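Dear colleague,

I am passing on the structure below, together with a written account of what was found in it. Please read the notes alongside the coordinates.

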Amino acid sequence: MATRTRKSAEVRREEILAVALRHFAIGGFHGTSTEAIAREAGISQPYLFRLFRTKRELFLACCDRADEQLIAVFRRAADEAPSPDERLHAMGKAYVDELLPDRHAILMQMQGYVASADPDIQAHVRAAFGRVIAEVTRLSGAEPEAVWNFISHGMLLNVTAALDLDAIAGESEWAAAWSKPGTMTGYGDTPDC
């Protein structure tokens, strides 16, 4: 008879985070069921709450995971930039090429902002946003106005990705123009960037 190997709590936490991030990205904080997350993760709901004490704690861990992914991509892109002056551009290109295609990560970022009517979530997401701004500033060495513009473009890119403008680009001229983020931001593979 084969014996089953039990997964460690840390392995289970990682599995739950992956499942929960997808659920929260689509359903948001209030519209997501922890029962559905537990079921998809193959665990009981009480076990989920042993690893994450509350739904809010799980949601915030997912917000943190999305931010960690964002910062990891920015760090790598800044490190690989041909020169210090090109770091912000390299980070923007990495955002367009690597992060925007990950619909769940983008939607998770936005769900964090949406759930900020809850004061605890707001305080957590606000602090995390501040850390992202500080890290972009540190990595790029850019002036505050350049960082402001960079983040502003990123937020607009999130909106266009969330709206899935590619899906209607064939029937809408404005959607076709806005569905190709690199062409309008200078972060794509266009000759002028």
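Is Glu-14 buried, partly exposed or exposed? With a relative accessible area of 33%, Glu-14 is partly exposed, where buried stands for under 20% relative accessible area, exposed for over 50%, and partly exposed for what lies in between (1.4 Å probe, protein chains only).

Before the rest, a word on conventions. This is a predicted model, in which local features need pLDDT of at least 70 and side-chain atom pairs count only at pLDDT 80 or more, while totals for chains, interfaces and linings use all residues. Residues are numbered from 1 along each chain as its sequence is written, and side-chain values use heavy atoms, with hydrogens and water left out.

**Salt bridges**

Taking a salt bridge as a side-chain nitrogen of Lys or Arg within 4 Å of a carboxyl oxygen of Asp or Glu, the count comes to 12. Glu-14 takes part in one of these with Arg-65, their closest N and O atoms being 2.8 Å apart. This pair links distant parts of the chain, since Glu-14 belongs to helix α1 and Arg-65 to helix α4, 51 residues apart; helices here are DSSP runs of H or I with at least four residues, numbered from the N terminus. Arg-65 is itself partly exposed, at a relative accessible area of 27%, and a network of salt bridges joins Glu-14, Arg-65 and Glu-68.

Arg-22 and Glu-40 also form a salt bridge, with 2.0 Å between the closest N and O atoms. Here too the pair links distant parts of the chain, Arg-22 lying in helix α1 and Glu-40 in helix α2, 18 residues apart. Both partners are partly exposed, Arg-22 at 32% relative accessibility and Glu-40 at 43%.

**Nonpolar cores**

A nonpolar core is a set of buried Ala, Val, Leu, Ile, Met, Phe, Trp, Tyr and Cys residues joined through side-chain atoms within 4.5 Å. In the largest such core, which has 27 residues, the members that touch the most others are Ile-16, Phe-24, Ile-37, Leu-58, Phe-59, Cys-62 and Met-108. Two or more residues of this core come from each of α1 (9–27), α2 (34–41), α3 (45–51), α4 (55–80), α6 (103–114) and α7 (119–140). Another core lies apart from it, with 24 residues that include Ala-77, Ala-81, Tyr-95 and Ile-106.

Leaving aside residues up to four places away in sequence, Ile-16 is in contact (heavy atoms within 4.5 Å) with Ile-37, Ala-41, Ile-43, Leu-48, Leu-51, Phe-52 and Leu-58.

**Surface patch**

On the surface, Leu-156, Val-159, Leu-163, Ile-168, Trp-174 and Trp-178 form a nonpolar patch, with about 550 Å² of accessible area together. Patches are made of residues with over 30% relative accessible area and no salt bridge, like charges being joined within 9 Å and nonpolar side chains (Val, Leu, Ile, Met, Phe, Trp, Tyr) within 5 Å, and accessible areas come from the Shrake-Rupley method with a 1.4 Å probe, only the protein chains shown counting as cover for residues. The elements that give two or more residues to the patch are α8 (144–162) and α9 (173–178). Leu-156, found in helix α8, is partly exposed at a relative accessible area of 40%.

With best regards
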